[in-house]
Amino acid sequence: MPHDLDRREQFAIDLARRAGELGLKYFRDLDSLTIESKGHQDLVSQADREVELFIRTAIAADYPQDAIIGEEHASVAGSTGHAWVIDPIDGTANFVRGIPAWCVVIACARDGETIVGVIHEPATGETFHGRLGGGAFVNGRPIKTSAATSLEEGSVGTGFSNRAEAENIAVLIKKILAEGGVFFRNASGALMLAYVASGRLLGYVEEHMNPWDCLAGMLLIEEAGGTILKADPKTVLQSGTQIITGGKGVFSKLQELCSGVFTP
């Protein structure tokens, strides 16, 4: 099994980087990009769809019996218990406006448990990656979550979903500020989770995230020594999950703040 995990991790790293190169070609030619709205503050572009198709084709060639779950195209059933969960461009709102804070996300789950996670940020060339039991890395260098014990020591990433009540995140931000903390948002949840894993953010919280946005980052945080609110492996691939993550020294405080705000 470790050999299979190593192979899957390296496959995902290589694929995310190649997908990132394709995404960059679209990013450098935004004037010709077709952009549509899927709802309030929810955009999709031609780049999202084409990059996802590129990723799906590569997975189907190397792991033809595995399931595939992605944001822009219908799910593909599998027979191995493995599912690849992908977001071709997380941070589309940034992407289409020329802001370079976006990433390619590829996770692999086995029976609902994430075993490989890769988050690649093309604009910086950073690839955050890890596998179950193997640690977390950025471009091959080990990373660790923050050792902070107080929210006063850094920033907390916050996300907002149109599947949650808008006022909830506003209340939570007020609570974070009251604790002496600072909130951070860059419109890419996956990237902020990677920043938690690498100790750049103290933690990240969001009332609901889709699986393609969060599974890779949650694995990286745990492998980097942090703590997460565990997702239900029976439902996370279909329904997503609530997100509370952080370094061990601040996780309990973040969980306390969220418990009075987020809907259970």
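Reader: How much space lies in the second largest pocket?

Author: The model is a predicted one. In it, the second largest pocket holds about 260 Å³ of space.

Reader: Which residues lie nearest the centre of that pocket, and how many line it?

Author: The lining comprises 14 residues, and E113, T114, E222, I228 and K230 lie nearest the centre. Two or more lining residues come from each of β6 (113-121) and α6 (211-223). The most is given by α6, with 5 residues.

Reader: What makes a lining residue of this pocket nonpolar, polar or charged, and how do the residues divide?

Author: The residue type decides: Ile, for example, counts as nonpolar, and Glu and Lys count as charged. On that basis the lining divides into 8 nonpolar, 2 polar and 4 charged residues.

Reader: Why is L237 called buried?

Author: The term buried requires a relative accessible area under 20%. L237 has 13% relative accessibility and therefore counts as buried. This residue lies in helix α7 (residues 236-239).

Reader: Which residues does L237 touch, leaving aside those up to four places away in sequence?

Author: L237 touches I69, A83, V85, A109, G112, P211 and L215. As for A83, it is 154 residues from L237 along the chain, yet their C-alpha atoms are separated by 8.7 Å.

Reader: Why is N139 called partly exposed?

Author: Partly exposed covers the range between buried, under 20%, and exposed, over 50%. N139 has a relative accessible area of 33%, so the term partly exposed applies. N139 sits in the loop between β8 (136-138) and β9 (141-142), and its phi is positive, about 50°, although N139 is not a glycine.

Reader: Where is A187 found, and what is its phi?

Author: A187 is in the loop between β11 (182-184) and α5 (189-197). Its phi is near 70°, a positive value in a residue other than glycine. With a relative accessible area of 31%, A187 is partly exposed.

Reader: How do you know that β8 and β9 pair?

Author: Pairing needs at least two bridges between the strands. β8 and β9 are joined by 2 bridges and therefore meet the criterion; they run antiparallel. V138 stands opposite R141 in β9.

Reader: What is the order of the open sheet of 7 strands, and which strands stand at its edges?

Author: The order is β3-β4-β5-β6-β7-β8-β9, with mixed pairing. β3 (67-70) and β9 stand at the edges; each has a single partner strand, so one side of each is left without a neighbour in the sheet. Helix α2 (residues 46-62) lies across β3, β4 (82-90) and β5 (103-110), at about 155° to β4. α6 also packs on this sheet, touching β3, β4, β5, β6, β7 (126-131) and β8, and its direction makes about 100° with that of β6.

Reader: What makes β12 and β14 a pair?

Author: Strand β12 (residues 203-209) and strand β14 (residues 241-246) share 5 bridges in the antiparallel sense, where at least two are required. V205 stands opposite I244 in β14.

Definitions and conventions:
Residues are numbered from 1 along each chain as its sequence is written. This is a predicted model: local features need pLDDT of at least 70, side-chain atom pairs count only at pLDDT 80 or more; totals for chains, interfaces and linings use all residues. Side-chain values use heavy atoms; hydrogens and water are left out. Helices (H or I, at least four residues) and strands (E, at least two) are DSSP runs, numbered from the N terminus. Buried means under 20% relative accessible area, exposed over 50%, partly exposed in between (1.4 Å probe, protein chains only). On a 1 Å grid over the protein atoms alone, a cavity is a set of points where a 1.4 Å probe fits but cannot get out, and a pocket is an open set with protein on both sides within 12 Å along at least five of seven lines; lining residues have an atom within 4 Å of a point. Grid points are joined across faces, edges and corners, and a volume is the space filled by probe spheres set on the points. Contact means heavy atoms within 4.5 Å. Axes are lines fitted to C-alpha atoms, for helices over the stretch in contact, and angles run from 0 to 180 degrees between N-to-C directions.
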